[in-house]
Amino acid sequence: MSIHMHREIDHLKTSLLELCGTVEEQLSDAVRAVLDRDPNLADQVERQDQAIDRKEIEIEEAALKLLALYQPVALDLRFVIAFIKINNDLERIGDLAVNIARKARTLSQCEPIRLPIDVDAMWRNVKAMIRDSVDSLVQTNAELAADVCRRDEIVDRQKRDFRIAIEKLIAARPEAVQPLLQYLAVSRNLERAADHATNIAEDVIYLVQGQIPRHQASGKE
């Protein structure tokens, strides 16, 4: 039974990796739609969301079936619980990609505006966090997961800088408030995607160490 259970766990790992790749591509396309002001690419992102939702349901059902059939304990149980939570975080990132794509559609109808903040740089940091958080799961690497958690502050800082810059632009160019608010919303959605990557990383730390990072006492090893 243990061999069959571990085979199913490996299958869940593969499914999560596939979902991560799809979500990462979807978020990348959404950001590209913003940068290129491309409504067709934005529409493509929104259509792809249904496939992500279906995959998320499939993975959850497989994980619940595994729990019912094999009743795993200890590390195996933490693996399955982590899979369920990470699966949900990936689906939420897909939803955030749709939000960004909708902002891109609105921006495509506005006059172009030069921004003092690099949206693509923020996206690259978020993408690396998502990829490394899932890699930390595959490798059961708590150190890599902890590094993802630390990098969340970088994205938070980028979002704060973005907000300050947008507020100054709105004051200087009130006629451009519509597109500027769309860009501000894009930065918020990217920051939330980074939060979900951090959630994934925290789940990996829980998986490896059996402790939830944010609940650990500061004086403990």
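## Cysteines

In this predicted model, C149 is partly exposed, with a relative accessible area of 21%. The cut-off for buried is under 20%, so at 21% C149 does not count as buried. C110, in contrast, has a relative accessible area of 14% and is buried.

A disulfide is a covalent bond between the sulfur atoms of two cysteines. The whole structure contains zero disulfides. For C149, the nearest cysteine sulfur belongs to C20 and is 15 Å away.

## Salt bridges

The structure as a whole has 16 salt bridges. One of them joins the side chains of D43 and R105, at 2.9 Å from N to O. D43 belongs to helix α2 (residues 39-70) and R105 to helix α3 (residues 74-107), and the two are 62 residues apart.

R105 also meets E46 in a salt bridge, at 2.8 Å from N to O. E46 is in helix α2 and R105 in helix α3, so this pair ties together parts 59 residues apart in sequence. R105 is partly exposed at 24%, as are D43 at 28% and E46 at 25%.

Another salt bridge links E175 and R173, with the closest N and O atoms 3.1 Å apart. E175 is exposed, at 59% relative accessibility, whereas R173 is partly exposed at 34%.

## A buried asparagine

N189 is part of helix α6 (residues 177-209). Its relative accessible area is 4%, so N189 counts as buried. Apart from neighbours within four places in sequence, N189 contacts L96, N99 and I100.

Technical notes
Residues are numbered from 1 along each chain as its sequence is written. This is a predicted model: local features need pLDDT of at least 70, side-chain atom pairs count only at pLDDT 80 or more; totals for chains, interfaces and linings use all residues. Side-chain values use heavy atoms; hydrogens and water are left out. Helices (H or I, at least four residues) and strands (E, at least two) are DSSP runs, numbered from the N terminus. Buried means under 20% relative accessible area, exposed over 50%, partly exposed in between (1.4 Å probe, protein chains only). Contact means heavy atoms within 4.5 Å. A disulfide is a pair of cysteine sulfur atoms within 2.5 Å. A salt bridge is a side-chain nitrogen of Lys or Arg within 4 Å of a carboxyl oxygen of Asp or Glu.
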